[in-house]
Every structure is written in structure tokens, then in C-alpha cells.
Amino acid sequence: MAGRLLRLAAVLAACLLLAACAPAETQRTVLALDTMTSMRVWARDGEAVCDALQALLAQKEALYTAYGTQSDIGRLNSLGEADVSPETFALLQQSLALGEATGGAFNPCMLPAMRAWGFRPDGMQDRRPSERERADLAVICDMSGVRLTAPAHVQLKPGVALDLGGIAKGRVGQEIYDWLSAHRDEFGIRAAIITLGGNVVAFGARPDGSDWRVGVRNPSGGQGIVGYVQVSDAHVVTAGDSERFYVAADGMRVGHILDPRVMAPADAGLLSATIIARDGAVADALCTAVFVLGEEKGTSLLRERFPEVGYVLCRTDGTHVCGGAPQLCRFTAGEP
């Protein structure tokens, strides 16, 4: 009996020691990349980690934003030709590669079409391009109009303009993950969960060792979720038009995700597409591509070209479907 009590006391002491050693949670919310970004970090020096991540966000926003003339992408759109940072050059390489892999369903050259449909940095306006305009946009927005020359020179054909909104946050999420990995020991980082709008970066597992539970928002309205995915060391990214849209004078609902094949708002039977992947940029580009392609063509693309990712698709009829790599994530319907 005494031996059993001693063993129990030892176990309790070990648990208390682990609890005492567990780093405290540090939280911070900042505006970055045109969205609210929340950080939850468990680390020995959580404030220093959040400071570093906030600086990284500011640095990347200064490179990747399509608007203004100070960023790499803004200068390219203004001048048509420029030397860019190694990070921007690598992002453009990945953007064009993913554009090709998705058959053009993801296209980083859609800024002229976004403007034509009334989506601008200062707001939205009811505007519908004519069929002739859309035909012209199909030529202008062709990805072949981007020429990359190593080590870091980019040239755009006349009229071509870049908008990396469908991949930049995913890329930044990946850069955050890479930074956390590289500085894990230096700052004693045990876990982190970073949310950049519809992008979630799950670094490691939860502090208690269990998987993170990331909710998939119900795009039909309200604040509920259709379910949640359980992940660790992964990116969960959702694309949809439930937040950024306008209703035209004739009653047409105009969402901001455009179908590059027809230069018009995507209308393929989905309200949202969520992708779970190890690479944040891949997840970001693919959720846009699948939203554009719809369930049948989108899941076919994932099976054939990206079998390592998971997905949750919310249909316009209120139902949803999930699938993909079971070793990466598990989806459970309903509230946790």
C-alpha cells in the first residue's frame, strides 16, 4: 500500500512539474495583409515571438500587396518591368506553377478583371463588363504575359497586372510556420495557432499534445460552423464569397472570386472551399481553384494532382462533402 502511494505521489509530482514548465499563452491581434490577424503563441518568450511575427507580416505586406507603387507587386503593375526581392520572385514562380497545375483555375493575373467587375481597394461598385470587355480581359489576364528571368527580374506584357490575393496570405502563413520552426529552440516555442482572415496556421499540436480543432464556418449565414478539422502542423485555408460581394442593381449577386475561364464571378455550385495542406501557399491557391471549378472538377483535380491534401466543400444547397488525405486531417460535422 505504501509503495502504491509513493508511486502515485511521484506521478502527481511529475504532472505538476510539467504543468509548471508549460509556457504561458501570449495573444495578439494586428491588422495585416488587409485582414485581422490573431496570434496565439505558447513559448518561453511569447511577446518576443509575437513582435517578430508582427514585423514579418509588415515586411511581407510591403512586398506582396498589389496596390500602391512601393511594394514589389505594385511597382511591377505600375512599371511593367522590375527587379524584385528573392521572396517575391519565388512567390511568382510558385503562383505560375500552381496556375498551370490547376489548368488556370487559379490565376495570379486577374487584377484587370477585378477592376472591371468593380472590386477596388477603396470599395466595390456595381459594374458589369460587356462580353467584348470580357473577351479582351481573357487576353490581358493570360499568365503567359508574365516573364520571369533569374535571379529576380520580372517583365509583364502591356496591360497585364498581378493580384496575389489568392495566394499571398497562404505564402505568408508558410513563412510564419518556417520562422516558428527555425526559432523553436531559441524562444522555447511549444505551439502556436495563427489566423490570417480565412487562413489558419497550426504550428505543432496543442500544448496538451492533442490536435488543433479548426472550425469550418457555415457560409450560409450566421456564426455557426458546419464542422471542424483536427490537424497539427498544417494550414487550413478557406475561399468563398460570403463576405466580399455586392448585389447589382438587377439583383445579381457578384462575388469577388472570378472564374478566369469566363472572366465572371465563379458560379460552380459551392459556397466555400476549404483546403488542408502542409504548404500554406498550396492550400490558398487550391481553395480558390476548387471554388472556381466546383465539386466534380475540383475534387478530380485534387485526386489527380494533389492527393496529399484534404478538403471540405460547402455546397449551395446547404450540404457539404469532405475527403482527401486522412493522415493529414479528420473532419467531424457539427460543433466540437
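This is a guided tour of a predicted model, one selection at a time.

Residues are numbered from 1 along each chain as its sequence is written. Local features need pLDDT of at least 70 and side-chain atom pairs count only at pLDDT 80 or more, while totals for chains, interfaces and linings use all residues; side-chain values use heavy atoms, leaving out hydrogens and water.

**Confidence**

Colour the chain by pLDDT, the predictor's confidence in each residue, from 0 to 100. The chain mean is 91, and 93% of residues reach 70 or more. A contact means heavy atoms within 4.5 Å. Where pLDDT is low, the predicted coordinates should not be read in detail.

**The eight-stranded sheet**

Helices (H or I, at least four residues) and strands (E, at least two) are DSSP runs, numbered from the N terminus. Two strands pair if DSSP finds at least two bridges between them. Select the open sheet of eight strands, whose order is β1-β2-β8-β9-β12-β17-β18-β19, with antiparallel pairing. At its edges are β1 (25-32) and β19 (320-324), each pairing on one side only. From one strand to the next, the twist averages 10 degrees; axes are lines fitted to C-alpha atoms, for helices over the stretch in contact, and angles run from 0 to 180 degrees between N-to-C directions.

Zoom in on β8 (residues 191-196) and β9 (residues 199-203), antiparallel strands joined by five bridges. L196 has N199 of β9 as its bridge partner. Next, show helix α10 (residues 295-305), which packs on the sheet and touches β17, β18 (310-315) and β19. The direction of α10 makes about 180 degrees with that of β18. Then show helix α2 (residues 46-64), lying across β1, β2 (35-42) and β8 and running at about 15 degrees to β1.

In the loop between β1 and β2, pick D34. Its phi is near 65 degrees, a positive value in a residue other than glycine.

**A cis peptide bond**

Go to the loop between β6 (146-149) and β7 (153-156), where P151 is found. The peptide bond from A150 to P151 is cis, with omega near 10 degrees.

**The three-stranded sheet**

Select β10, β11 and β20, which form an open sheet in the order β10-β11-β20 with antiparallel pairing. β10 (212-217) and β20 (330-333) are the edge strands, each with a single partner strand, so one side of each has no neighbour in the sheet. Here the twist averages 30 degrees from one strand to the next. Four bridges join β11 (residues 225-231) to β20, and G227 has A333 in β20 as its bridge partner.

**Pocket and cavity**

On a 1 Å grid over the protein atoms alone, a cavity is a set of points where a 1.4 Å probe fits but cannot get out; a pocket is an open set with protein on both sides within 12 Å along at least five of seven lines, and lining residues have an atom within 4 Å of a point. Grid points are joined across faces, edges and corners, and a volume is the space filled by probe spheres set on the points.

The second largest pocket holds about 230 Å³. Of its 15 lining residues, select D241, R253, A266, D267 and L270, the closest to its centre. β14 (253-255) and β17 (270-277) each supply at least two residues of the lining.

Finish at the largest cavity, of about 30 Å³. Its lining includes N218, V226, L271 and R315.
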